[in-house]
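User: Please walk me through this structure. I am new to helix packing.

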Amino acid sequence: MNNNNINPLKNTSSEQTNPIHFSAQGIMKKFGGIDALNDVNFELRRGEVMGLVGDNGAGKTTLMKAISGAQLCDSGAFFIDGKEVKINSPHDASRKGIQIVYQDLALCENLDVTANLFLGNEIRYLDNLKIIPRALRPLNHLSMEEQTKAALRKLKVHTITSMRTKIAFLSGGQRQSIAIARATKSDSSIVLLDEPTAALGVSQTKEVLQLVKRLRETNHAVVLISHNLNNIFEVCDRITVMRQGENIGVFDTKNTTPDQIVSSITRGE
Amino acid sequence: MLKNIQEKIGYLRETQLGSFIPVLLALIVIWIYFGIKEPVFLSPRNFYFLFMQSAVVGTLAVGVTLVLLMGDIDLSIATVAGVCAAIVAVLSTKMGVSAPIACLAGLGAGAVLGGIMGTIIAYFRIPSFVVTLAGLLGFQGLMMKILGIHGAINVRDPFIRGLTTTTLPDSIGLILAAIGIIIFGLAIWNNRRARNAKNLDNDLLYLSIIKFIFFSTLVITATLILNAYRGVPLTIIILLSLTGFLGWLTTSTSYGRAMFAVGGNLESARRVGISIEYMRISAFALVGFMAAVGGIIGASRYASVSFNAFAGGPLLLEAIGAAVIGGTSLFGGRGSVWNAILGALVIGSLGNGLDLAGARAADKLMFSGAILLIAVTLDAVTRGGASRK
């Protein structure tokens, strides 16, 4: 497929940016008679935070679910570095380096930080001994703990001192950091954050926004869904506005104002 | 204030040693009380019988802990134990099958029965409470069928009887205890060294030392007491080995992690790719297996298999009570198989002590009820603290 034709935005945007890393083209999704997504195009660059805004029911979450493989779209195509990729399951997505952090974080409160980071993907001894079923190979606790420490250090999360603390005893911001660390621990290049600051207080929100900036520095392509335009303007490089299942437009944060975004969200201008 | 204390207790219960302490304290209090009231309670002979009496309940409690960890429950453990014991008894005494093979058949039957219930729970998404309740009723009938019109079969086979009558020579008991202590010490030492080498935070040194001294004292005292009567029973070794394996399985493998994850947050376990169906089926099969072990130990101890000893008595509630008294949460996600054994000892000691004190059945039941209620309340209270609701 000819990539240049379907990437009309390529090279039109500002000067210093990386090439387009990920793009979704012509994504359609119907729920009954309603167009949840109607011919949506969406693109991401590495080292860039893309804000995704829109009213409730605008299709943000549906788009995220399609990209992360949690929900199949009816038609459309995904490209990573110009090559078309199939995303049919969350597993597919994570293998392609796409990670999603859900609003509810999906952490197990009864397990410690390390266990949560490696849940379903533990480091084990004897992993080359195929006779022993995978689930029964002994865990390499220390390696996992070491890597957990490293992952949190990389994100500059310093408030969690022991990796053996149960999630139940951590604050909302700390939990968010762990969910993000889990998403970025493996070789992920794209991180989707669904309302990461929705339930947080002021200082914890700041903590999480720092983390988002940190992901940009580590050359991830980040998508930030939020209803809070202050947060969006604080960390995003560009903003995609969705309305009634359509992509209204992509704005450079530098050349736009919150008022413009609001009118775009509400009136589609 | 109250919330603060709740949280502190909750935090304490989350640590390995901390989850041990409440049930151990309960046990010590019970022992001191009955020791003063009925000095014979603390005799080696009584301790020997206490351990043996608690073995069946302990085995079932260890088993049921596995599904409790996942937030499920198995109400059929006692009747599965009964069915398996009946199978072993019929095969070995009436059909002339050699006893070891009959035992294997019994163990296999337990795993299959558990696995079938697990499959129904997993694929039809029926609460385990209901499915195992149906199992409880159905297997009572099955047990009656297998036992025939007399409702009881005597077991005289020396192999099966030997499982609970054999005791190890004093020297071997002590050697095993020493090996256990050395392995435990080495494991702690090794872990500390490796953590230091990798620059990970370590437990305070004195905590590790206390842990070691505590474990060693426990093992040596128990061995010496048992040696002062007949020696360490083979039954205890079997139970400890199985518990050791299941303890390792639940804390040191991906399988165990998945169990805790399912009990802690089912949806998140599903999202990271854990097969809930596989977990349920295999865990219920394991519980069935442990129930069969309990059934065989019971058959061996009572020298007979009767309906009342398994299905009709308080065995089921004692086993689940033991697991909960040991600190395993009925809400899933927290617990330990080792604590189930301590819980079984609490229940066993209570029954034994009240018997010695000449208490009536009515008092015994009320005491057991009170202890269980305290344990469950503690569980609910600390759970509230831990999740900051």
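Analyst: An axis is a line fitted to C-alpha atoms, for helices over the stretch in contact, and angles run from 0 to 180 degrees between N-to-C directions. Helices are DSSP runs (H or I, at least four residues), numbered from the N terminus. This is a predicted model: local features need pLDDT of at least 70, side-chain atom pairs count only at pLDDT 80 or more, and totals for chains, interfaces and linings use all residues. Residues are numbered from 1 along each chain as its sequence is written, while chains are lettered from A and ligands numbered from 1 in the order in which they are written.

User: At what angle do H11(B) and H13(B) pack, and what is that called?

Analyst: H11 (residues 254-264) and H13 (residues 276-302) of chain B have axes 11 Å apart. Their angle is about 110°. Angles of 65 to 115 degrees count as roughly perpendicular. Therefore H11(B) is, relative to H13(B), roughly perpendicular.

User: Which residues of H13(B) do Ala258(B), Met259(B) and Val262(B) meet?

Analyst: Contact means C-beta atoms, placed from the backbone, within 7 Å. The three H11(B) residues meet Ile276(B), Met279(B) and Ala283(B).

User: How many of the eleven residues of H11(B) are buried?

Analyst: Buried means that 20 or more other C-beta atoms, placed from the backbone, lie within 10 Å of a residue's own. Both Ser254(B) and Gly264(B) are among the buried residues. H11(B) is largely enclosed by the rest of the structure, because the buried count is eleven of eleven.

User: Which helix of chain A do these buried residues pack against?

Analyst: Within chain B, their partners are H3 (44-69), H10 (234-252), H12 and H13. In chain A, the partner is helix H3 (113-117).

Technical notes. Helices (H or I, at least four residues) and strands (E, at least two) are DSSP runs, numbered from the N terminus. Angles under 35 degrees count as roughly parallel, over 145 as roughly antiparallel, 65 to 115 as roughly perpendicular and the rest as oblique. Two residues are in contact if their C-beta atoms, placed from the backbone, lie within 7 Å. A residue is buried if 20 or more other C-beta atoms lie within 10 Å of its own, exposed if 12 or fewer, and partly exposed in between; C-beta atoms are placed from the backbone.
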